[in-house]
Amino acid sequence: MGDAEGRVDEQPVHTVYVSAFEMAVLPVTNADYALFLAAKGCEAPRFWADARFNAPEQPVVGVSWYEAVVYCDWLRSSTGESWRLPTEAEREKATRGGIDGRRFPWAEDARWERTLARMVAPSPVGMLEPNGYGLFDLASNVHEWCSDWYAPGYYAESPVSDPQGPPSGTRRASRGGAWRHHITVSRCAARSSLDPTFRYNDYGFRVVRSQAPGHSVSR
């Protein structure tokens, strides 16, 4: 994990092992979240009625970290499967697409390190090419919540196996670039964080599930 040429909080570069897991190909969309709202009767996200952000194929935004966790709880109880938010380590592992040290998810890294025109809203999910694992939107569109608390110096004390983040904090970790920024594509190792109560229009989430021992996944 990490990037020797990145920010201070991405250092030191260190080896991490994560247990097998499966990640959703796409972030949770408005269509997905609508099923949750209908089933649970929860409060709609902050921008749910805004036409810039509520197309069914757009990633859901305006969801706090706590609301993302409640969605995972509902999905877990509905399916009987271990859905949850990814850890930072899982998110970085997935973003690299099977190639250690890759700075961007795609094969031609250099062409994505560019400044893009400012967007007015997130794009429909899955518009850019997938990475080596077949996952979309890992470095752009919206920031995605992770399960960990955030600490800038955590990498200096992170355990080697399945790091879960510090035991406490004031901000939750997040990953991925976002449409609101002047540079909308982030590196695989780029870290971000936010107060878990905030509901921003460039924050969404994606789910993962732990892989049972002996369970194989076709690729």
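1. A word on terms to start: buried means under 20% relative accessible area, exposed means over 50%, and partly exposed is in between, computed with a 1.4 Å probe and protein chains only. Helices (H or I, at least four residues) and strands (E, at least two) are DSSP runs, numbered from the N terminus. This is a predicted model, in which local features need pLDDT of at least 70 and side-chain atom pairs count only at pLDDT 80 or more, while totals for chains, interfaces and linings use all residues. Residues are numbered from 1 along each chain as its sequence is written, and side-chain values use heavy atoms, with hydrogens and water left out.

2. The buried ones are E88, A89, E90, R91, E92, A94 and T95. Their cover, where contact means heavy atoms within 4.5 Å, includes β1, β2 (83–84), β3, β4 (172–175) and β7 (208–210). After α3 comes G97, with a positive phi near 65 degrees.

3. Now turn to helix α1, residues 30–40, where N30, Y33, F36 and L37 are buried. Looking down the axis of α1, you will find these buried residues within an arc of 115 degrees, so they line one face of the helix; the arc is that of the directions from the helix axis to the C-beta atoms. Part of the cover over its buried residues comes from α2 (65–79). Just after α1, G41 has a positive phi of about 65 degrees.

4. Rings of Phe, Tyr and Trp (its six-membered ring) pair if their centres lie within 6.5 Å; planes under 30 degrees apart count as stacked, over 60 as edge-to-face and the rest as tilted. The structure holds 14 such pairs. One of them is Y33 with F205, edge-to-face at 6.4 Å centre to centre and 80 degrees between the planes. This pair links distant parts of the chain, 172 residues apart: Y33 is in helix α1, and F205 is in the loop between β6 (203–204) and β7. Both Y33 and F205 are buried. W65 and Y66 have ring centres 5.2 Å apart and planes at 85 degrees, so this pair is edge-to-face. W65 is buried, at a relative accessible area of 10%, whereas Y66 is partly exposed, at 40%.

5. Y33 and F205 also belong to one aromatic cluster with F36, W48, Y71 and W74.

6. R172 sits over W149, 3.7 Å from the ring centre, and R191 sits over Y155, 4.5 Å from the ring centre.

7. Finally, some backbone details. Most residues other than glycine have a negative phi, and most peptide bonds are trans. D137 has a positive phi near 65 degrees, and N141 has a positive phi near 85 degrees. D137 is buried at 7% relative accessible area, and N141 is buried at 8%. A cis peptide bond, with omega about 0 degrees, joins Q11 and P12; P12 is in the segment before β1 (21–23).

Key
Lys NZ or Arg CZ within 6 Å of the ring centre and 35° of its normal.
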